Amino acid sequence: MLCAPGAGLNVFLALLGALSTEEVTLPMDETPASNGMARTAGWPAAGPSRVPAWIYSDPALFQRERAAIFRGRSWNYIALACEIPEPGDFKRSWVADMPVIAARDAEGGVNVFVNRCAHRGVEFCRAARGNATEFMCPYHQWTYNLKGDLTAVPFRKGFKRQGGMPADFRMEDHPLEKLVATERNGVIFASFDASTEPFADYLGDKMLRYFERVFDGRALRVLGYMRQVVPANWKLYFDNQKDPYHATLLHYFLISFGLFRASEPSFVRMDALGRHSALVSQKGEQGEVAGGEEMKHNDPRLKLAGPRMLQPVREFKGADTVVIQTIWPALIVQQQSNTLAMRHVIPRGAGAYELAWTFFGYADDDDAMTERRLMQANLMGPAGYVSVDDSEVVAFAQDGLAPYGGSVGVVEMDGREIKEADTLIAEGAVRGFYEHYRRVMGL
Amino acid sequence: MTPGDLERLSQAELRGEIEALTAAYVHALDDADLERWPDFFTEDCVYKVIPRENYENGLPLAIWYCQGRGMLQDRVTAIRETQLFAPRALRHITGNILVQGREDGVLRTVTNYAVYESTLDRASEVFNVGRYLDRIVVADGRLKFAEKLCVFDTSVIPTSLIHPI
């Protein structure tokens with residue numbers, strides 16, 4: 001175990017140093033541009049066990065990602081249905097960094113359309129959530145109904161026979177650009193491409209089972225939001241959530257307080273294409289009683305003074321106690337003991353991403369369960385005991401990768417192929433992600 | 001100081017005491033003297049850092065949620081021993097203290113704050129802006145926070161919040 005008791009942060013800085021030292025021992029033929037300049041295309045011949053650094057910082061590539069991935073055949077997370085329960089309810093959201101709105105119409109249907117006026121492109125809705133009968137762009141008051149159809153254009157016929165739109169202008173030709181929306185057990189996804197396969201097929205049976213483990217049809221209740229912006233490319237975070245190898249090393253909090261052990265049964269599961277994944281753990285201590293007195297800490301000096309923070313109860317069937325599921329292209333569903341959250345990755349250009357966290361429980365949770373979810377949220381989010389390690393380290397990664405666009409990362413823990421694993425010491429799902437990324441991007 | 005002093009002090013004296021408490025609190029944080037941080041709170045305190053969006057919409061989620069001084073100590077332990085983060089210095093500016101009430105031995109105050117963050121290789125920037133909603137009592141012979149809610153306006157947190165506010 002690299003986490004020597006008491007060594008704390010220094011261990012990790014040393015470890016990071018060791019990893020970067022290892023990187024320079026790459027064979028020369030896999031370091032395509034010795035002058036450090038970014039290549040503009042191509043992938044190392046070795047395939048997904050090598051990841052070129054330029055993909056994390058190239059602004060032109062990000063433009064292509066918008067088109068090929070986020071406007072392509074993908075289901076993008078938009079909102080929870082319980083955020084817009086009533087006719088007229090709406091939520092502002094994003095697909096990549098493209099602003100959209102989810103609105104419930106008078107018939108109860110969910111509509112997702114762009115938050116961009118068809119006239120001059122104004123992002124007209126500036127409220128996070130609300131209730132409306134229609135949307136009016138403030139610039140020239142073009143007005144849209146809850147389905148995104150254009151219903152009014154001021155001075156369409158001009159004023160005193162002057163001005164006005166051409167005689168052949170038809171309002172039905174100028175709706176807001178609409179996405180196809182789908183809802184699965186209280187979760188709303190949308191796609192710019194109407195040919196995207198049905199959501200259940202998109203996930204595949206195995207991933208759908210993990211999804212429906214949390215979203216089993218029970219009514220949900222939002223507990224609150226957290227938002228952060230991290231100066232790193234969005235793929236670094238998505239890949240981090242598919243990489244169990246770091247969990248026992250980077251997340252020293254879990255290890256040192258005995259909350260996580262490498263010996264715990266852990267699994268990496270994927271869909272057939274390798275684009276979705278689930279990191280699964282089965283913790284022994286998540287039994288009926290799991291107070292601080294039961295916790296075995298690897299670092300004898302470290303003991304929670306407020307053990308109430310982590311007193312989980314088992315609430316899902318089966319032995320799995322932690323399932324972190326990534327759904328291509330940019331959603332992570334978090335079930336870490338009793339803390340549940342949607343983590344919506346919103347790329348902000350090539351060099352930054354926003355992480356929008358929506359924490360939730362079930363409408364029928366009792367007060368004790370809600371309190372547990374709120375307490376265990378201390379592990380997650382922009383101030384989470386565990387998740388700050390990830391945001392910080394991917395920002396470190398961006399700082400190391402961006403100036404060395406010609407360098408290549410090594411991803412060959414547990415082999416070079418794309419495969420599931422029954423261990424944490426594996427990077428098969430990371431390779432699966434990049435292989436699918438290459439396929440979609442044509443790289 | 002005794003609980004009775006809370007009732008006896010003049011408005012001006014009271015304000016002086018609160019300002020001194022606030023100054024001591026933020027200097028302890030800015031000096032990275034984190035071990036002293038829990039001492040500003042009562043044993044059964046509540047400390048939360050809450051996005052304004054949640055607070056105003058009645059959503060109970062906080063990004064930090066400590067109940068009892070032990071959980072404050074755990075945060076300090078994690079910062080010192082377990083969490084990975086880039087080196088940084090924080091500087092709190094507080095002001096506009098408003099005393100909202102003084103009853104049953106509890107002072108209710110609102111104080112504006114801004115936290116500046118200085119990190120490696122970048123100019124200092126405003127990290128977090130908000131207000132403290134405090135409930136202050138006399139404990140162990142001095143003023144302590146029975147409850148401190150840091151309700152922040154900042155819509156997105158730059159990278160991560162490591163240190164207490």
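Let me start with an open sheet of eight strands, whose order is E13(A)-E14(A)-E15(A)-E16(A)-E17(A)-E18(A)-E12(A)-E7(B) and whose pairing is mixed; please keep in mind throughout that this is a predicted model. The edges of this sheet are strand E13 (266–270) of chain A and E7 of chain B, each of which pairs on one side only. Within the sheet, strand E17 (residues 339–347) of chain A and E18(A) run antiparallel and are joined by eight bridges, and if you want a residue to look for there, Met342(A) stands opposite Thr358(A) in E18(A). Helix H7(A) packs on this sheet, where it touches E12, strand E16 (331–336), E17 and E18 of chain A, and the direction of H7(A) makes about 5° with that of E12(A).

How is E12(A) joined to the strand from chain B? E12(A) and strand E7 (residues 157–158) of chain B run parallel, with two bridges between them, and Val229(A) is the residue that stands opposite Pro158(B) in E7(B). As a reminder, strands of a sheet pair through backbone hydrogen bonds, either parallel or antiparallel.

That brings me to the interface as a whole, to which chain A contributes 49 residues and chain B 34 residues. The two chains, A and B, bury about 3400 Å² between them, and 59% of that lies on carbon and sulfur atoms. On the side of chain A, the residues that lose the most area to chain B are Ala383(A), Tyr385(A) and Glu392(A), which together account for 18% of what that side buries.

Turning to the polar part, there are 19 residue pairs in polar contact across the interface of chain A and chain B, counting pairs with both residues at pLDDT 80 or more. The elements that give two or more residues to the side of chain A touching chain B include helix H1 (8–23), strand E12 (220–230) and helix H8 (387–401) of chain A, and the largest share, 10 residues, comes from E12(A). By type, the residues of that side of chain A divide into 30 nonpolar, nine polar and 10 charged.

Between chain A and chain B the count is two salt bridges; one of them is formed by Arg129(A) with Glu53(B), where the closest N and O atoms are 2.1 Å apart.

Over all chains, the structure holds 42 salt bridges, and one I would point out is that of Arg71(A) and Glu177(A), at 2.3 Å from N to O. Arg71(A) lies in the loop between helix H2 (59–70) and strand E2 (76–80) of chain A, and Glu177(A) in the loop between strand E9 (150–152) and strand E10 (178–184) of chain A, so this pair ties together parts that are 106 residues apart in sequence.

Finally, chain B has an open sheet of six strands in the order E2-E1-E6-E5-E4-E3, with mixed pairing. Its edges are strand E2 (64–67) and strand E3 (88–103) of chain B, each with a single partner strand, so one side of each is left without a neighbour in the sheet. On average, neighbouring strands of this sheet are turned by 20° against each other, direction ignored. Strand E5 (residues 125–139) and strand E6 (residues 142–152) of chain B pair in the antiparallel sense over 10 bridges, and the bridge partner of Arg135(B) in E6(B) is Glu147(B).

Key
Residues are numbered from 1 along each chain as its sequence is written. Chains are lettered from A and ligands numbered from 1 in the order in which they are written. This is a predicted model: local features need pLDDT of at least 70, side-chain atom pairs count only at pLDDT 80 or more; totals for chains, interfaces and linings use all residues. Side-chain values use heavy atoms; hydrogens and water are left out. Contact means heavy atoms within 4.5 Å. Buried area is the accessible area (1.4 Å probe) that two parts lose on being put together, summed over both. A salt bridge is a side-chain nitrogen of Lys or Arg within 4 Å of a carboxyl oxygen of Asp or Glu. A polar contact is a pair of N or O atoms within 3.5 Å; within protein, one must be able to donate a hydrogen and the other to accept it, and residues adjacent in sequence count only if both atoms are side-chain atoms. Helices (H or I, at least four residues) and strands (E, at least two) are DSSP runs, numbered from the N terminus. Ala, Val, Leu, Ile, Met, Phe, Trp, Tyr, Cys and Pro count as nonpolar, Asp, Glu, Lys and Arg as charged, and the others, Gly among them, as polar. Two strands pair if DSSP finds at least two bridges between them. Axes are lines fitted to C-alpha atoms, for helices over the stretch in contact, and angles run from 0 to 180 degrees between N-to-C directions.
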